[in-house]
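These are my notebook entries on one protein chain. I set down what I looked up, entry by entry.

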Amino acid sequence: MVLINVSFKDCHTVKPAEPTRNGPLPLSELDQIGTITHVPTIYFYRPPLYWLSPPDSIANTLRDSLSKALVPFYPLAGRLRWIGCGRLELDCNAKGVSLYVAESEAKLDDIGYLSPSPGYDQYLIPSVDYGSVPIHELPLLLVQLTKFKCGGISLGLRISHAVVDGTSALHFISEWARLARGEPLGAEPFLDRKVAFQAGDPPIAAPICLDHSEYSHPVLPLLLGQSDDVEERKKKTTLARLKLSKTQLEKLKNMGNQDRVIGSTDAAGRAYTRYEIVTGHIWRCACKARRHKDEQPTALGICVDSRSRMHPPLPREYFGNAALDIPATSHAGELMSKPLGYASSRIRAAIERVTDTYVKSALEFLKNEPDLTRFQDIRAEEAPFYGNPNLGVVNWMTLPIYGLDFGWGKEIYMGPGTHDLDGDSLVLHSPDGDGSLIVMLCLQRAHMDAFTKHFYEDII
């Protein structure tokens, strides 16, 4: 990506268009662990010419519709605050969100917008200063509209992961877009964290006791012979956007399901899903590309949405964090020597651990912790390291990430912002709608060529 010069023209604090609920809103334990910082995404558009005059048409539409969206989604207009013991509370005070308007002399075709790039974060997505600004002063949502010389625009967002997960964030963004198009709200957010996850309730006297080793430290395996991951974290990384055609995906599914009896806990049951198959393939290829020894332990981080796994199920519109990070584990030798179905079986076994009982047990485990600080990631070096010998593969196939139309047409590209940590990857549908999938992957530079070779060698 080329250097982008951006000049800021306006900064607006956007508040709810109508009075909203004021006062504290308890957060669930799932809101307060893992990534509690802001998560970036970016969208690029080529609006019709009539949207470019007057020059503030797009900015005004975004600002006015955002103000309306913050009425039903009023928690986003509030602020977080520490309440002791590493715990957070949401103060619904309607202080608003930030909307920046910027311009650039660059053209969309010049900046490589179709390729994943860490440069997006630096120029096209608002930054958040966690070092010097106290958390109770930080907006929970920051938006940057950047207008390019060619008439194209980008919309960069950072939204607090302590308040929403990916499902909730996309629910909000899609409803904001509906309001911008002049349509009524499609689905109200479900805001009751107490009903969903007993937010703010004290621990129960006799909690359900299941194993929650995923919360112990160290969480993830290290390279054999190493006592920490410091050196691996320092190594240079590179990004790749790898496409799996519908035909290639079918080949993988056939490979993964033909030997399901080997290592499978439910061989007579349903076939492995696309996520289980593709993620298993990524895991095996990473072990090969990294040239792991057979005895090398390795973990794969999986993000599991618990909404449909609770009894009764939570509404899809539950507005908060309902996802749990679960590791699948194995040894590199087993992954590389056994058929693809073995890797998929390890992934399925991890996913199926997330039941109603498991989630409630995890909540009670965390409620009984005297301090949650050690479970929180504010800086990258504090987060569990899903780099070598591990991976993290997030499933975006279930999220409505495409077709975000604010009135000037659907995006020409969308993607994550920060994506520069070794082992960090996403699986998502191709925007082409042809049944293909996209794998967006970050690996150490020394491993990417070998990974790409292994990724395609059996399915071309």
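**Entry 1: Gln444.** I looked up Gln444 and found it in strand 17; helices (H or I, at least four residues) and strands (E, at least two) are DSSP runs, numbered from the N terminus. The model is a predicted one, in which local features need pLDDT of at least 70 and side-chain atom pairs count only at pLDDT 80 or more, while totals for chains, interfaces and linings use all residues. Residues are numbered from 1 along each chain as its sequence is written, and side-chain values use heavy atoms, with hydrogens and water left out.

Is Gln444 buried or exposed? Gln444 has a relative accessible area of 3% and is buried; buried means under 20% relative accessible area, exposed over 50%, and partly exposed in between, with a 1.4 Å probe and protein chains only. Residues up to four places away in sequence aside, Gln444 touches Glu232, Lys235, Lys236, Thr237, Asn388 and Asp422, where contact means heavy atoms within 4.5 Å.

Entry 2: I then traced the strands around strand 17. Six strands make an open sheet with mixed pairing, in the order 10-17-16-14-11-12; two strands pair if DSSP finds at least two bridges between them. Strand 10 (237-244) and strand 12 (323-331) are the edge strands, each pairing on one side only. From one strand to the next, the twist averages 20°; axes are lines fitted to C-alpha atoms, for helices over the stretch in contact, and angles run from 0 to 180 degrees between N-to-C directions.

I noted that strands of a sheet pair through backbone hydrogen bonds, either parallel or antiparallel. Which sense does each pairing of strand 16 take? Strand 14 (residues 391-395) and strand 16 (residues 424-429) pair in the parallel sense over four bridges. Strand 16 and strand 17 (residues 437-444) run antiparallel and are joined by five bridges.

I also listed bridge partners. Val393 has Ser425 as its partner in strand 16, and Val394 has Leu426 there. Ser425 in turn has Leu441 as its bridge partner in strand 17.

**Entry 3: helix 9.** Helix 9 (residues 340-351) lies across strand 11 (297-305) and strand 12, and runs at about 145° to strand 12. Its 12 residues reach 17 Å from the first C-alpha to the last, close to the 16 Å expected at 1.5 Å a residue; the expected span is 1.5 Å times one less than the number of residues.

Why is helix 9 described as largely enclosed by the rest of the structure? The reason is that 10 of its 12 residues are buried. Among them are Leu340, Tyr342, Ile347, Arg348 and Ile351. The buried residues of helix 9 pack against helix 6 (246-258), helix 7 (274-289), strand 11, strand 12 and helix 8 (332-337).

Entry 4: Helix 7 has 16 residues, which should span 22 Å at 1.5 Å a residue, and its end C-alpha atoms are 22 Å apart, which agrees. Because 14 of the 16 residues are buried, helix 7 is largely enclosed by the rest of the structure. Arg291, which follows helix 7, has a positive phi, near 55°.

On a 1 Å grid over the protein atoms alone, a cavity is a set of points where a 1.4 Å probe fits but cannot get out, and lining residues have an atom within 4 Å of a point. Grid points are joined across faces, edges and corners, and a volume is the space filled by probe spheres set on the points. The count is one cavity of 30 Å³ or more, and the largest cavity holds about 30 Å³ of space. Its lining consists of Met255, His281, Arg284, Cys285, Lys288, His454 and Asp458. Helix 7 gives the largest share of that lining, four residues.

Entry 5: I found an open sheet of six strands in the order 1-7-8-9-4-15, with mixed pairing. Strand 1 (6-14) and strand 15 (413-416) stand at the edges with a single partner strand each, so one side of each is left without a neighbour in the sheet. Neighbouring strands here are turned by 15° against each other on average, direction ignored. Strand 7 (residues 97-104) and strand 8 (residues 141-148) pair in the parallel sense over seven bridges, and Leu99 stands opposite Val143 in strand 8.

Technical notes:
1 Å grid on protein atoms, 1.4 Å probe; cavity = no way out; pocket = protein on both sides within 12 Å on 5 of 7 lines; lining within 4 Å.
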